[in-house]
Amino acid sequence: MPRPLYLGLVLHNHQPVGNFDFVIEQVYDQAYAPMLAALEAHPGVRVAMHVSGCLFDWLDAHRPEYITRLRALCDRGQVEMMTGGYYEPVLPMIPDADKAGQIEKLTRFVEQRLGQRPDGLWLTERVWEPGLPAPLADAGVRWTLVDDAHFRMAGLRDWQLDGYYVTEDQGRRVDLFAGSQRLRYTIPWLNVDELMGELRHAAETSANDAPYLVLGDDGEKFGAWPTTHAHVWEEGWIEEFFSAIEAAGEWLVPMTPGEYARRFDARGLVYLPAASYSEMMEWALPADVSAEFHRLAEQMDHEGRGDVLRYTRGGTWRFFLAKYPEANAMHKRGLRIAAKLARTTCDEARDAMWQAQCNCPYWHGVFGGLYLRHIRGATNSNLVRAERMADEAAGATGVTVRQDDFDYDGHGEVLVQSPDISLLIHPKLGGMISEFDIRRSDHALLDVLPRRREAYHEALLAGEARAAGGGVANIHGGLRVKEEGLQHGLVFDRYRRGGAQEWILDDGATVERFARGEAAASFEPVGAWSCETDASGGGATARLAREAGGWRVRKEIAVPAAGEAVAVRYSVTNAGAEHRRAIFVSEWNISPPEGPPGARPPILTANGWHDPCAGPGDVELRGSFAIGARSDYAIDCAVSDVAGLWWFPVESVSSSEGGLERVLQGFSLSVVRELDLAPGAELRIELTWAVRRGGVGGS
């Protein structure tokens, strides 16, 4: 009889802040509830479980019976609960005080509602950095789980990983378990008999006492990932697996990591590098490098060069903040708010900021993440709300102007804030506005992601993607598409999208060519603009100017001390020596107030209704236009002169667990004027953005 093999099953259940109720309900029905029933039916199967605080909030409101049933499993010793950051942040990205606060919030919830005070922590996305042990230990964490890849990067061999190790920082200790990538890739895909055979082989060949293998993985893969519900539940994979575990009691002992650490000694001391699971580190690389890395890794795997692969690694999680300026903007805005909260007390603002630390919209891989507008929108809404409440708690009034490198990109920005409006202007990046917040509605108006080239587009362009559907498949496998012809929808933007982005296009340009990035331009939203600011009791003004391509463009951005409005006054001068004809474009990339899932907001102009859903459109504009999807308010733009209005939906082709799909990011709305100017001649035009209460159809 072989020595016993101890098996750790660690389930992680999470839904991001801002996810749609109907999506969470579907995952609940397909994965969370069936797994609970399976555990109830198999008392010999013991698991550790983590449920994020944001999912607990949803369960408490919509499925409270789940918490009652989970408590019963905890009471009979079958489930060991884990803690973590309440709103599932990537812990290294947030300040230590927020680490402690978020962990204590979830620990307290579990203790009060489930009768356990957890000392094991689910490490979000297994993002480990060497400085984590001290804040974790200070928060009462005894153990956590990372991937076995982390240990291989530190030089450990596979045979050394069937146990746990001790690490420390500044003398504060945490125990580390190695989650098995092999189990993560085979459960629930592998035939149960083959899987049990692999486990028995591990028991027979281990050179260590009390060998321990751990699966740490998403609960959603057991029914909610594509094709898995039929395989796992209808075809009985889990029933067969759990029954096999209970029948193998002579040599296979299910045991939670916390219990294992209490019964058995650690293998020794280890120090791990900054890392995450292998796929995450590939995704974190720049797109072209990520594609190259993936090709090389596949080639080495095909050639059987595991001896080389074990030493390869991609990037680190934090590089997502450099790869995606929009993720960095949210993160650095959070740091800006944290500094304000350090000077005042507002628990509601702090909790809103914690919600905004939910990891999902800060990165992108096989899951939608950053590309999901409703998830990103919820994060930005929480950031706007947190900063507004922090300013209100501090008694801020009037309008303020601050200049600093707020996003840590090496260039100075201008932050203009009143009780109603907040603008972040980038003089060095084309003079664009990246933040235009309607503060009393907690809405980030310019939350639009550009259409970027991603590593997975290479296979799509090469015709190597396949249709979604078919048999059971691991989502980390081959590329799938959710609709035919997606490669024809690929458009890649040259610049980040924001507001007050000026173009001067060649005469004859159309909105269709502009939407596809094919319109020739002599002046683009790039480069450094001069900038002067002033503030007084009546408001604040930023005056910017730039000369390029034989054009001189000036814009004056004015924010009143009170009121939900921003005025932008333009002067466009032909600085060349010849008469010129062209098209001036003031582009604004708008994320309208969120409507029902899937709804697209209408545009209302002075000439009537126009719908941007079908694609690019244009109309002669006389007076104003508005855009909005909700009934309580809309965004109105008044134009000082007759002009054209161009619009098109900004849609990316992005990856999700179901395959590649089109994802709406927002809408490009441009006020357009024809230029017919002699040398030294000038065009003037003014736009005034304002909130219209009562919605698009309101008054």
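This is a predicted model: local features need pLDDT of at least 70, side-chain atom pairs count only at pLDDT 80 or more; totals for chains, interfaces and linings use all residues.
Trainee: What makes Cys54 and Cys346 buried or exposed?

Mentor: Buried means under 20% relative accessible area; Cys54 has 12% and is therefore buried, and Cys346, at 17%, counts as buried by that limit.

Trainee: Why is the contact of Arg440 with Asp420 called a salt bridge?

Mentor: The closest N and O atoms of Arg440 and Asp420 are 2.5 Å apart, and since the cut-off is 4 Å between a side-chain nitrogen of Lys or Arg and a carboxyl oxygen of Asp or Glu, the pair qualifies as a salt bridge. The two residues lie in distant parts of the chain, with Arg440 in the loop between β13 and β14 and Asp420 in the loop between β11 and β12, 20 residues apart. As for accessibility, Arg440 is partly exposed at 48%, whereas Asp420 is buried at 7%.

Trainee: What makes Arg693 and Glu564 a salt bridge, and where in the chain do they lie?

Mentor: Their closest N and O atoms are 2.6 Å apart, which is within the 4 Å limit. Arg693 belongs to strand β31 and Glu564 to the loop between β21 and β22, 129 residues apart. With a relative accessible area of 36%, Arg693 is partly exposed, while Glu564, at 17%, falls under the 20% limit and counts as buried.

Trainee: What makes the pair of Tyr6 and Tyr260 edge-to-face?

Mentor: The ring centres are 6.0 Å apart, within the 6.5 Å needed for a pair, and the angle of 65° between the planes is over the 60 degrees that edge-to-face requires. Tyr6 sits in strand β1 and Tyr260 in helix α11, 254 residues apart, and both are buried. Tyr6 and Tyr260 also belong to one aromatic cluster, together with Trp143, Tyr164, Phe177, Tyr212 and Phe264.

Trainee: How do you know that Tyr570 and Phe584 are an edge-to-face pair?

Mentor: Their centres are 5.1 Å apart and their planes stand at 70°, so the distance is within 6.5 Å and the angle is over 60 degrees. Tyr570 lies in strand β22 and Phe584 in strand β23, so the pair ties together parts that are 14 residues apart in sequence. Both residues are buried, and the structure holds 34 aromatic pairs.

Trainee: Why are β10 and β14 said to stand at the edges of their sheet?

Mentor: The sheet is open, with five strands in the order β10-β11-β12-β13-β14 and antiparallel pairing. Because β10 and β14 each have a single partner strand, one side of each is left without a neighbour in the sheet.

Trainee: How do you know that β13 and β14 are paired?

Mentor: Pairing asks for at least two bridges between the strands, and two bridges join β13 to β14, which run antiparallel. Ile438, for instance, has His443 in β14 as its bridge partner.

Trainee: Which residues touch the most other members of the largest nonpolar core?

Mentor: They are Phe56, Met81 and Phe151, in a core of 124 residues, to which helix α1 gives the most, with ten residues.

Definitions and conventions: Residues are numbered from 1 along each chain as its sequence is written. Side-chain values use heavy atoms; hydrogens and water are left out. Helices (H or I, at least four residues) and strands (E, at least two) are DSSP runs, numbered from the N terminus. Buried means under 20% relative accessible area, exposed over 50%, partly exposed in between (1.4 Å probe, protein chains only). A nonpolar core is a set of buried Ala, Val, Leu, Ile, Met, Phe, Trp, Tyr and Cys residues joined through side-chain atoms within 4.5 Å. Rings of Phe, Tyr and Trp (its six-membered ring) pair if their centres lie within 6.5 Å; planes under 30 degrees apart count as stacked, over 60 as edge-to-face and the rest as tilted.
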